[in-house]
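Visitor: Please give me one close look at the ligand site. Keep it brisk, and give the cut-offs as you go.

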Amino acid sequence: MIKKLLLFFCHFLERPFKKGEIINDRYQVVNLLGAGGYGYSYLVTDTVNCQTKVLKALRLHKRTTKAGRKGFETEQNLLKSIGHPGFPKYFEGGTYKNTPYYTMEFINGKNFEQLIFFDGWKVSELDVLLIAEDLLEKIEYLHQQNIIHRDIRIPNVLYSDHRIRLIDLGLARYLYTGLNREKDIRKQVNVQADFYGLGHFLLFLLYSNFEVPDDKKEKSWEEELDICSETKQLIRRLLQIDHAYQNCAQIKTDLQKVIHLLRRKNNVVL
Ligand SMILES: Nc1ncnc2c1ncn2[C@@H]1O[C@H](COP(=O)(O)OP(=O)(O)O)[C@@H](O)[C@H]1O
Ligand SMILES: [Mg+2]
């Protein structure tokens, strides 16, 4: 109840930074890129070196709790520790008007929510699997560092220069810190949480090609989607409907098999 009230008041009290506003005599706000549950992400110009960057500031209702501030620190420390081109590079952190923020590399591209719902992208089954392969490479890198992302969703996956970049470590945690009393599969601190997110991500992409039939009868994704049985099986295992994958390598093997199969079917010569 108190939490709900706090959220309600924060919603009215919160004022995002304005266009043109200069943060800490350094970062000039170009525009707001996105507002999620945790942060406001702005496109800014770093006036020290004229570099375009993204500045992510912690939202008011998260600032008011110790856990919220601590979580934001964890997000920064995790991003700092990552040295992989599949993720934005961390630049610097700071505080402005009592708001913690950090800056990172701007990825010039769009997230899959924008691509599917605003740009009307329709992705073929083969392309969905190729995107999955690229995304899996990033997830595998995190898992090798013992990091579980826990928020693999379409707004957190960017498409830039024909490559996949993964952002938003707001919910990411080190593997061994999880108590795993969590019931929600997505929020558990284990590799399967990311596999579950990946499974849903794939369904969103596959549904981009789906035309709603006239009868409007509700059916399951397995009945509705016109995809091969191997892709269905892969998604069933990602979603833990069938026995769960234990690691990224197992998924990679299955993905490559289906990709090979579809390429043969489509008569694509490599
Ligand atoms: N480094 C970046 N480069 C380009 N766009 C970004 C970057 N970081 C965030 N964004 C955009 O801002 C949105 C919100 O950022 P995100 O880090 O996911 O915040 P939240 O934790 O609030 O979900 C993203 O969906 C993406 O479109
Ligand atoms: Mg996000």
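Guide: A polar contact is a pair of N or O atoms within 3.5 Å; within protein, one must be able to donate a hydrogen and the other to accept it, and residues adjacent in sequence count only if both atoms are side-chain atoms. This is a predicted model: local features need pLDDT of at least 70, side-chain atom pairs count only at pLDDT 80 or more, and totals for chains, interfaces and linings use all residues. Residues are numbered from 1 along each chain as its sequence is written, chains are lettered from A and ligands numbered from 1 in the order written, and side-chain values use heavy atoms, without hydrogens and water.

The side chain of Asn111 puts an N or O atom 3.0 Å from an oxygen atom of ligand 1. On its own, ligand 1 has 550 Å² of accessible area (Shrake-Rupley, 1.4 Å probe). The protein covers 92% of that.

Now the shell. Ligand 1 is surrounded by 20 residues (a heavy atom within 4 Å). The closest are Lys56, Glu105, Ile107, Pro155 and Asp168. Ligand 1 lies between domain 1 (12-105) and domain 2 (110-265), because both give residues to its shell. The domain bounds come from an automatic or database assignment.
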